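Have a look at the structure, then walk through the points below.

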Amino acid sequence: MFCVSSLTIEQDNRLLWRDLSFTVMPGERVGISAPSGYGKTTLGRVLAGWQRHQQGTITLDGHPLPLRGYCPVQLVPQHPELAFNPYRTTGDALHDAWRPDDVQLERYHIKAEWLTRKPNQLSGGELARIALLRALDPRTRLLIADEVTAQLDPAIQRDIWQQLIIETQQRGLSLIIFSHQMALLEQISTRLIVAAT
C-alpha cells in the first residue's frame, strides 16, 4: 500500500499542497484533478521522490521510498524529453531499467527503430511512449502518470490506457493519474481526488 500522510509542499515561497493525505491500494487507479497551476506536476515529482517536501510522510508498505537502487514508485513526466539524456539513445535509456520484448513494444505503439535514435530525433508523443514503457519495469509497484497520453491521438490514447488497465489487473500495479481531462479520469480511475479550487 502506498500511503501519503499530512503532506505539505511549498515551492518558490508558495504553498501548493497542505495536509494532503491519501492511500493507494495495489491495483487501484487514483485520478487526481486540479486546475492548471495548482501544482499537480510538483506533487507527482514529490510522490516519486524526485523533489523534497516540507512536511508529512510518503511510504510504500510502511517504508520510506529507497534512496538508492531501483525505486518501485516511477513517474512518467508531462514533458518526457526532460527524462532522457540528450547524448544517449532512447534504447540505452530504456535498457538501463529493463529489456521489454517486441510484443511489449507493439502494445505501446513503439517502433524498434525509435530505440536507435536520440531524444531530439523523436516527437514528444514517441518519447512519451518510450518513457512510459521504461517506467513499467516489472519492479515498479506504483506508476505516476502526469498527462502521459496528452500528446497522442485518440486511438493510440485508448490503446495505451487499455494496456495500463490490464497491467493494474494482472500484476497489481497501482496508478496515480494526473489529467486535465475529467472525462478521461472518470473513465480510467477507480477513485477520484478533486482538489478544491
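Five strands make an open sheet with parallel pairing, in the order β6-β7-β8-β3-β9. Strands here are DSSP E runs of at least two residues, helices are H or I runs of at least four, and both are numbered from the N terminus; two strands pair if DSSP finds at least two bridges between them. This is a predicted model, where local features need pLDDT of at least 70, side-chain atom pairs count only at pLDDT 80 or more, and totals for chains, interfaces and linings use all residues. Residues are numbered from 1 along each chain as its sequence is written, and side-chain values use heavy atoms, with hydrogens and water left out.

**The parallel sheet**
- At the edges sit β6 (73–76) and β9 (191–194), each pairing on one side only.
- From one strand to the next, the twist averages 15° (angles run from 0 to 180 degrees between N-to-C directions, with axes fitted as lines to C-alpha atoms, for helices over the stretch in contact).
- Four bridges join β3 (29–33) to β8 (174–178) in the parallel sense, and Arg29 has Leu175 in β8 as its bridge partner.

**Its helices**
- Helix α5 (154–171) packs on this sheet, touching β3, β7 and β8 (contact means heavy atoms within 4.5 Å), and its direction makes about 145° with that of β8.
- Helix α4 (124–135) lies across β6 and β7 (142–146), at about 180° to β6.

**The antiparallel sheet**
- Four strands form an open sheet with antiparallel pairing, ordered β2-β1-β4-β5.
- Strands β1 (2–11) and β4 (55–60) pair in the antiparallel sense over five bridges; Cys3 has Thr59 in β4 as its bridge partner.
- Helix α1 (40–47) lies across β1, β2 and β4, running at about 125° to β1.
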